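Subject: Structure handover

Hi,

Here is the structure for you to look through. My notes follow it.

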Amino acid sequence: MAIAHEFNYEKPGSLGEALALLTQYGSRAQILAGATDLAVQLKEGMVTPECLIDIKGLSELNTLEKRDGQLIIGANVTFTQLAESDLVRSELPMLAESSLTVASVGVRNRATIAGNICSAVPSLDSAPALLVYDAVVVVKSEKGTREIKITEWFKAPRKTAMTDDELVHEIRVPIPEVKHRGVSVKLGRYRGEDLSQAGVGVMITETNRYTVAFNAVGPVPVRSAKIEALLEGKKLDEALLKEARAQVPGEISPITDIRASKEYRVHMCQVMLGRALNAASDLLAGKSVDIEHLV
């Protein structure tokens, strides 16, 4: 299917030029980076911008480094880079592992994690890892810089806390100061390139602090304060896992659609939560876990 409408194409030579274009066009502009979502939206007429602003050439958005106890991920960093980075695999292995669940190799080679969160679809694969690690999104405009907690980023399906004149500059992910392990579990209809029917992410520290997040089972990806409070400071056992699973129906609000029923999504979130918690606990203890086959 061809793109059926005309638009201006701009390739700014600096971040300042990009921000000036966003000020000029506002909601009439679309940012072009990986374009794995945008190309489809253009072809299907879901978006009809007056201008595409191509930021792929802005080297200052390519940062992937550890700084001040945080992993800094520039807006142009792809899922393949995250999955293959020795730094990410060492410091935040859950983020590297979950990056491998995104679509196909070809898509991961182009798709950026910044673009993924900007799409703000309920099923976005990067959400559980970013949520459990308390990531912060840094956005810029000609008016200045803002830091937005990932827990406050998603406002509604395809709607974020970013304004029309702002651009994601980087994502900052705090690296826990104590030993930890996280696990992200994605339920799909088949292995390979598929949207998530439901997703669960958990992180456990050696001090028995827990964070839990869900995606694809509500209007936006969310953290579960009730389950986290239930688990806080406790060692996992079957009784505690049973209590945690019982909390799931009250913490998510799935729908029935072509990919799954709401009842199936609730049940599988309960199953995946238990498996993810056990897997993270085993990894923390130095045991081997086949994360790919948890569901």
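Start with Glu 97: at 29% relative accessibility, this residue counts as partly exposed. Buried means under 20% relative accessible area, exposed over 50%, and partly exposed in between (1.4 Å probe, protein chains only). Glu 97 sits in helix 5. Helices (H or I, at least four residues) and strands (E, at least two) are DSSP runs, numbered from the N terminus. Leaving aside neighbours within four places in sequence, Glu 97 is in contact with Arg 181, Gly 182 and Ile 291. Contact means heavy atoms within 4.5 Å. Val 121 is 24 residues from Glu 97 along the chain, and their C-alpha atoms are separated by 20 Å.

Before going on, some ground rules. This is a predicted model: local features need pLDDT of at least 70, side-chain atom pairs count only at pLDDT 80 or more, and totals for chains, interfaces and linings use all residues. Residues are numbered from 1 along each chain as its sequence is written, and side-chain values use heavy atoms, with hydrogens and water left out.

Overall fold

The protein chain has 11 helices and 14 strands. Its radius of gyration (over C-alpha atoms) is 19 Å, close to the 19 Å from the globule rule for 295 residues, so the chain is as compact as a globular protein of that length. That rule is 2.2 Å times the number of residues to the power 0.38. The C-alpha trace spans about 60 × 45 × 30 Å along its principal axes. Of the 295 residues, 50% count as buried. Among contacts with a separation of 6 or more, 60% come from residues 24 or more positions apart.

Cores

Which residues have the most contacts inside the largest nonpolar core? They are Ile 73, Leu 95, Leu 130, Trp 153, Phe 154 and Val 173, in a core of 54 residues. A nonpolar core is a set of buried Ala, Val, Leu, Ile, Met, Phe, Trp, Tyr and Cys residues joined through side-chain atoms within 4.5 Å. Helix 1 (residues 15-25) gives the most to this core, with six residues. Another core, of 31 residues, lies apart from it; Ala 244, Val 248, Met 272 and Ala 279 are among its members. In soluble globular proteins, nonpolar side chains tend to be buried together.

Val 173 touches several parts of the sequence. Leaving aside neighbours within four places, its contacts include Gly 69, Ile 73, Leu 92, Leu 130 and Tyr 133.

Two positive phi values

Most residues other than glycine have a negative phi. Ala 103 has a positive phi, near 45°. This residue lies in the loop between helix 5 (93-99) and helix 6 (105-110). Ala 103 is partly exposed, with a relative accessible area of 21%.

Asn 208 also has a positive phi, near 65°. Its loop runs between strand 12 (198-205) and strand 13 (210-215). Is Asn 208 buried or exposed? Asn 208 is buried, with a relative accessible area of 16%. Leaving aside neighbours within four places in sequence, Asn 208 is in contact with Leu 231, Glu 232, Gly 233, Lys 234 and Lys 235.

Best wishes
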